[in-house]
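Here is a short briefing on one protein model. Read it beside the sequence and the coordinates. The topics run from the whole chain to single pairs.

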Amino acid sequence: MKHRLLLLVCLLGIAANARAQDPYTLYSPVKNVATLFTDLFGPQGLRVDSEATLPGAQLHSAHFNNDFQSNFGKFTTALVGQLVTVPLPSPASGFTYEFDPATGVFQRTTGSFGPILAERAETVGVGRFSFGAAFQRFHFQTVEGLDLSKVPAVFTHDSAELLGGRQDVVTTVNAIDASVSQFTTYVTVGVSDRFDVSAAVKLVANDLRVSSDATIQRLGTTDPLTHFFRLSNGDIGDRRVFVAQGRATGLGDITVRMKATVDKRKTGGVAAGLDIRLPTGDQMNLLGTGTAGLQPFVIVSSRYERLSPHANASYQWNGSSILAGNPATGESADFPDQLAYAAGVDVAINSRLTLALDVLGRVYINTERLSQETFHARDNVHQYPNIVFSRDSFNALSGSVGVKINVGGRLLLDGNLLFALDDHGVRDRVVPLVAFEYAF
């Protein structure tokens, strides 16, 4: 056994040493997760080595430019923007009550346990409160339908319009691995039969890694010493892999919700309210937006025997955040506003089981958006896949299916799957959720 353990340690050491000795791979230090993309190629961006000299014996320093480093940092804005605004578990209690003065006791107002990611108009009831916790796991896989493990980007030389050796380009294939775990606790307190207050507190753990496989395409040069990568073993080459990785765990943005029933009927009602997002999460590590947000909303819901349909609509105003500007320089900009909506139905299968179905949409207004294009080299011969960024509004549509199970007393266990219905934005195809809630 001792010999086997020793052999295993040796093999692990050899593997770790081989990784460290890989001459083609350069690992970049990362200060904050939000600056991971701008840190990827180092403080001066993507530069290649050169032993060529310019007229006057001036040394040649080749700098290559692309939207990737300057604008693809907007991926972090898209990531955190969509993360902090994904549908949270509804803080509304699965058990809602109303005081009946005729009998002097509280009566349940609904037969089902309500939706999971949407809201219904009923409040928890005066003097009542509920508590819950939910866990969600995101592993983003696509951006605008493009596989995040194969994002192309072309870098062009400084002053490429002067032609000659400046026609050389650097093509890259970028693999982005982004995963986020989110644990949310929430509590709702009934102030009156028509008004309750909720708070949702999130703990977030994220892991972001980007690997850029860069290759020099010699379109204007023939001498390998004009443009090359100096490898860690001293050799020169046309290819280098840049890697940067960041992890962070901590408190996310806290949301406070106030909801009031404005029209209460035996078969349903209408409610209105306001979500206040507090910027408690560390924006430089993508744990929060870095700005406060106000989101007024309206809810309409009804009850028809076992079926309880509902519809939600809201608009979120956001302030300025470094994440919407330039995290590397500390420059702030307006974080994009969002319009959210949902429609669905919860079905009381029996007295202990509710099925929740929803379609949820979110419109991101005037935000950075990635698109694919074909890069045409200045030699009018070579073409390479590339990406560009532009400002645009788009709608991201998702579906949700889940169940609420009454395992005893007023304890509910929830299970849910949120799945993408389109390719807009940064998406995880399926997001699982497990939760529990308890009403007092």
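The accessible surface of the protein comes to about 19,700 Å², and carbon and sulfur atoms hold 59% of that surface. Accessible areas come from the Shrake-Rupley method with a 1.4 Å probe, and for residues only the protein chains shown count as cover. The model is predicted: local features need pLDDT of at least 70, side-chain atom pairs count only at pLDDT 80 or more, and totals for chains, interfaces and linings use all residues. Residues are numbered from 1 along each chain as its sequence is written, and side-chain values use heavy atoms, with hydrogens and water left out.

**Confidence**

- The average pLDDT of the protein is 84, where pLDDT is the predictor's confidence in each residue, from 0 to 100.
- A score of at least 70 is reached by 82% of the residues.
- Residues 14–20 stay under 50 in pLDDT.
- For residues 14–20 the model has 1 contact beyond four places in sequence, a contact being heavy atoms within 4.5 Å.
- Where pLDDT is low, predicted coordinates should not be read in detail.

**Overall build**

- The protein has 28 strands and 4 helices. These are DSSP runs, numbered from the N terminus: helices are H or I with at least four residues, strands are E with at least two.
- Of the 440 residues in the protein, 50% are buried. Buried means under 20% relative accessible area, exposed means over 50%, and partly exposed lies in between (1.4 Å probe, protein chains only).
- Take the contacts between residues at least 6 apart in sequence: 68% of them join residues at least 24 apart.
- Thr25 sits in strand E1 (residues 25–27) and is buried at 15% relative accessible area.
- Beyond its neighbours within four places in sequence, Thr25 touches Val241 and Val243.

**Nonpolar surface patch**

- A nonpolar patch on the surface is formed by Phe129, Phe131, Val187, Val189, Val403, Ile405, Val407, Leu413, Phe436, Tyr438 and Phe440. Together they have about 830 Å² of accessible area.
- Patch members have over 30% relative accessible area and no salt bridge; like charges are joined within 9 Å, and nonpolar side chains (Val, Leu, Ile, Met, Phe, Trp, Tyr) within 5 Å.
- Two or more residues each come from strands E8 (129–140), E12 (169–192), E25 (383–408) and E28 (430–439).
- E25 gives the largest share, 3 residues.
- Tyr438 belongs to strand E28 and is partly exposed, at 31% relative accessible area.

**Aromatic pairs**

- The count is 9 aromatic pairs. Rings of Phe, Tyr and Trp (its six-membered ring) pair if their centres lie within 6.5 Å; planes under 30 degrees apart are stacked, over 60 edge-to-face, and the rest tilted.
- Tyr364 and Phe394 make a stacked pair, 5.0 Å centre to centre with 20 degrees between the planes.
- Tyr364 is in strand E24 (residues 353–376) and Phe394 in strand E25, so this pair ties together parts 30 residues apart in sequence.
- Phe41, Phe155, Phe229 and Phe242 are linked by ring pairs into a cluster.

**Salt bridges**

- Side chains of opposite charge can pair when their charged atoms come close.
- The count here is 15 salt bridges, each a side-chain nitrogen of Lys or Arg within 4 Å of a carboxyl oxygen of Asp or Glu.
- Arg257 bridges to Glu119, with the closest N and O atoms 2.4 Å apart.
- Arg257 is in strand E17 (residues 254–265), and Glu119 is in the loop between strand E7 (105–108) and E8, 138 residues apart.
- Arg257 is buried at 16% relative accessibility, and Glu119 is buried at 5%.
- Asp392 and Arg369 meet in a salt bridge of 3.5 Å, N to O.
- Asp392 lies in E25 and Arg369 in E24, so the pair ties together parts 23 residues apart in sequence.
- Asp392 is partly exposed at 35% relative accessibility, whereas Arg369 is buried at 17%.
- Glu437 and Lys404 form a salt bridge at 3.1 Å, N to O.
- That pair links Glu437 in E28 with Lys404 in E25, 33 residues apart.
- Glu437 is buried, with 6% relative accessible area, and Lys404 is buried, with 1%.
- One network joins Glu119, Arg257, Lys259 and Asp275 through salt bridges that share partners.
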